[in-house]
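Have the sequence and the coordinates open as you read.

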Amino acid sequence: MTSPEKHNRMANAIRFLSMDAVEKANSGHPGMPMGMADVATVLFTEFLNFDPKAPKWPNRDRFVLSAGHGSMLLYSLLYLTGYEDITLDDIRNFRQIGAKTAGHPEYGHIEGIETTTGPLGQGIATSVGMALAEKKLADEFGKDLQNHYTYVIAGDGCLMEGISQEAISLAGHLKLNKLIVLWDDNGISIDGAISLADSTDQHARFRASGWNTLAVDGHDPEAIAAALREAKTSEKPTMIACKTVIGFGAPNKAGTHKVHGSPLGAEEIAATRKALGWEAEAFSVPEDVLSAWREAGGRGAGLRAEWEKALAASDRKAEFSRRFDGKLPEGFDAVIADYKKKLADTKPTLATRKASEDALEVINGAVPETIGGSADLTGSNNTKTSQTASITPTNFAGRYIHYGIREHGMAAAMNGIALHGGLIPYSGGFLIFSDYCRPSIRLAALMGIRVIHVLTHDSIGLGEDGPTHQPVEQMAALRAIPNLMMFRPADATETAECWQVAIEHTDRPSGLALTRQNLMPVRTTYVAENLCAKGAYELIGADNAKVSIFASGSEVELAVKAQEALAAKGIAARVVSVPCMDLFFEQPEDYRKAVIGDAPVKIGVEAAIRQGWDAIIGSDGAFVGMASFGASGPYKELYKHFGITVEAIVEKAEARLA
């Protein structure tokens, strides 16, 4: 146990780096780092197993700052413990354009940041996926290789966000006992006292969700350490309520909302230095304090060395290392090629959700690290295959997670699984409910991680559920997220190719929008190249084409039939399948121009709004799609009702040519 005096000086280093950085930036959140400095000091010096010299050590404990607005807490800890790619200059440049030290922690900018946080609740929800991944991999590889904890610092705001309930209820159900949440119970938010907006009994709430709960004085190092030791013995996840004073040490602003999200000001900082006995200048850490912190940062080197010996001696070393390197098994491309040959021979007429299930049957057999799931829509999403037995609270040998009706929590947990490493998560939901998990999907795209969302019932062809379930603007909204690949395959072959692209990209997430209704095969011969990887390609060509028809998903079938009808009238038309706009716009200009072509009439066809299509068909191009929605009735009639028909495509082509 660190002496009280030494602990105080180490904690104060966090406090003063944080308040000085916020002051220089003239913006930021000093209150939480100052209040939670004692908790963080105990955690990092006595409990957290990590090695700044090996930031990606697979068996390190994970630390998640869910209250990401308090980013200076994390930046201070990373600098003090000796992570090499963060310097005092980085801290001086806090919240400056182009700096590593953004206002909220960004994954990939500095080693040691385990996940991007800032949108409140995302961190605690992401941590559930990390803890789940640890428990799953411990079951598969043994505790010699996977045996670590996931620690979270969360604030009142994190616990008020709805995603937190999805996360804690799932964690409690699965008994993720190596997940420990440290709640910064300071009673203050931006507007003022938490009591202005919330009176939840958080202990009762967590206990009702299957958690162990503890409460400590967040400024008592011995009490904090005792609570952490007790938490590590629990068979349930643990929430430790740390009663703290926001802006601890500031004589005039501590304990008030004035220190939550604003600089303290030079006068208050000077008073705080005097109150806490801190004589060092701004951005200066006394040598004895820095030495103590660097010693704490070196604690994990021996643990890592022992773990590396265990890995070297394991007969699973090659498989374990391959997984954490993010590499697919050798021969994966050949497996997909063989499957595409089979599809060319059999030419199945399938809903693409069923085609996705068939592709997953092949993929899950070849790639043992995939881990599937669904938000209580397994039978509709078709995400469960013969290899994916269900994970239960008492058995983590399976490869399928029943997320329950928790779309947002599911998406965040998938992010955590991917960030943890060793597993490739995919899950299922309806396309319309991508609205419920969009923030987590966006964070996956920002972080550049491999998660795959199966999004079925992708159009008015979903059935008789009515307008609440008809995804009209969702494809456009998801396509607007940078670095997210949104696929809408047209048949079984395209579905297999889209899955291949999604699973081979380690640096971005994917969504597959899939149909409920059967679709005829539009790709009937085997082509070795993955055509979907280019985002769009010419499906049917024509010499001196007068019309180019561009379509995605279920509407490619209509485009093919319209091309045939136009040909019968002596009008040369070509068809371009557009399974992924995002990838198409990333292709070389010459390829894009060749695929778009120079036909005088360009028509886009999709059972969705037009937004995004003008980049292909031009602002003067014709569009056959959704102008409005709201009808109910047999789904076979919906396309006709909305005018998304072969006849409509032909009529538009003839009208434009007239």
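This is a predicted model: local features need pLDDT of at least 70, side-chain atom pairs count only at pLDDT 80 or more; totals for chains, interfaces and linings use all residues.

Strand 5 covers residues 238-243 and runs parallel to strand 3, with 6 bridges joining the two. Strand 3 also pairs with strand 2 (residues 150-155). That pairing is parallel too, and 6 bridges make it up. Within it, Val-152 stands opposite Val-181.

How many residues of strand 3 are buried? The count is 7 of the 7, over residues 179-185, so the strand is largely enclosed by the rest of the structure. In a regular strand the side chains alternate between the two faces of the sheet. In strand 3, Leu-179, Val-181, Trp-183 and Asp-185 point one way. Ile-180, Leu-182 and Asp-184 point the other way.

Strand 7 (residues 370-374) is mostly covered, with 5 of its 5 residues buried. Thr-370, Gly-372 and Ser-374 lie on one side, and Ile-371 and Gly-373 on the other. Strand 7 runs parallel to strand 9 (residues 424-430), joined by 3 bridges. Thr-370 stands opposite Ile-424 there. Strand 7 also pairs with strand 8 (residues 400-402), again in the parallel sense and over 3 bridges. In that pairing, Ser-374 has His-402 as its bridge partner.

Next, the rings. The structure holds 16 aromatic pairs. Two of them are tabulated here.

| Ring pair | Centre distance | Plane angle | Class |
|---|---|---|---|
| Phe-206 and Trp-211 | 5.0 Å | 80° | edge-to-face |
| Phe-584 and Tyr-591 | 6.4 Å | 65° | edge-to-face |

Why does the pair Phe-584 and Tyr-591 count as edge-to-face? Its planes stand at 65°, and the class takes planes over 60 degrees apart. The centre distance of 6.4 Å falls within the 6.5 Å limit for a pair. Phe-206 and Trp-211 are both buried. Phe-584 is buried as well, because its relative accessible area is 2%, and the limit is under 20%.

Ring pairs also link Phe-44, Phe-50, Phe-63 and Tyr-83 into a cluster. Charges sit over rings in other places. The charged end of Lys-178 is over the ring of Tyr-149, 5.2 Å from its centre. Arg-294 lies over the face of Tyr-79, at 5.2 Å from the ring centre.

Is Arg-304 buried or exposed? Arg-304 is buried, with a relative accessible area of 18%. This residue belongs to helix 12 (residues 300-313). The side chains of Arg-304 and Glu-308 make a polar contact at 2.8 Å. An α-helix has 3.6 residues a turn, so residues three or four places apart point the same way. Leaving aside residues up to four places away in sequence, Arg-304 touches Asp-51, Ala-54 and Trp-57.

Lys-258 is exposed, with a relative accessible area of 55%. Lys-258 is found in the loop between strand 5 and helix 10 (266-276). The C-alpha atoms of Lys-258 and Ser-189 are separated by 9.5 Å, although these residues are 69 residues apart along the chain.

Last, helix 1. Helix 1 has 22 residues (residues 4-25), and at 1.5 Å a residue they should span 32 Å. The end C-alpha atoms of helix 1 are 32 Å apart, which agrees. Asn-26 follows helix 1, and the phi of Asn-26 is positive, near 60°.

Technical notes
Residues are numbered from 1 along each chain as its sequence is written. Side-chain values use heavy atoms; hydrogens and water are left out. Helices (H or I, at least four residues) and strands (E, at least two) are DSSP runs, numbered from the N terminus. Buried means under 20% relative accessible area, exposed over 50%, partly exposed in between (1.4 Å probe, protein chains only). A polar contact is a pair of N or O atoms within 3.5 Å; within protein, one must be able to donate a hydrogen and the other to accept it, and residues adjacent in sequence count only if both atoms are side-chain atoms. Contact means heavy atoms within 4.5 Å. Two strands pair if DSSP finds at least two bridges between them. Rings of Phe, Tyr and Trp (its six-membered ring) pair if their centres lie within 6.5 Å; planes under 30 degrees apart count as stacked, over 60 as edge-to-face and the rest as tilted. A charge sits over a ring if NZ of Lys or CZ of Arg is within 6 Å of the ring centre and within 35 degrees of the ring normal. The expected span of a helix is 1.5 Å times one less than its number of residues.
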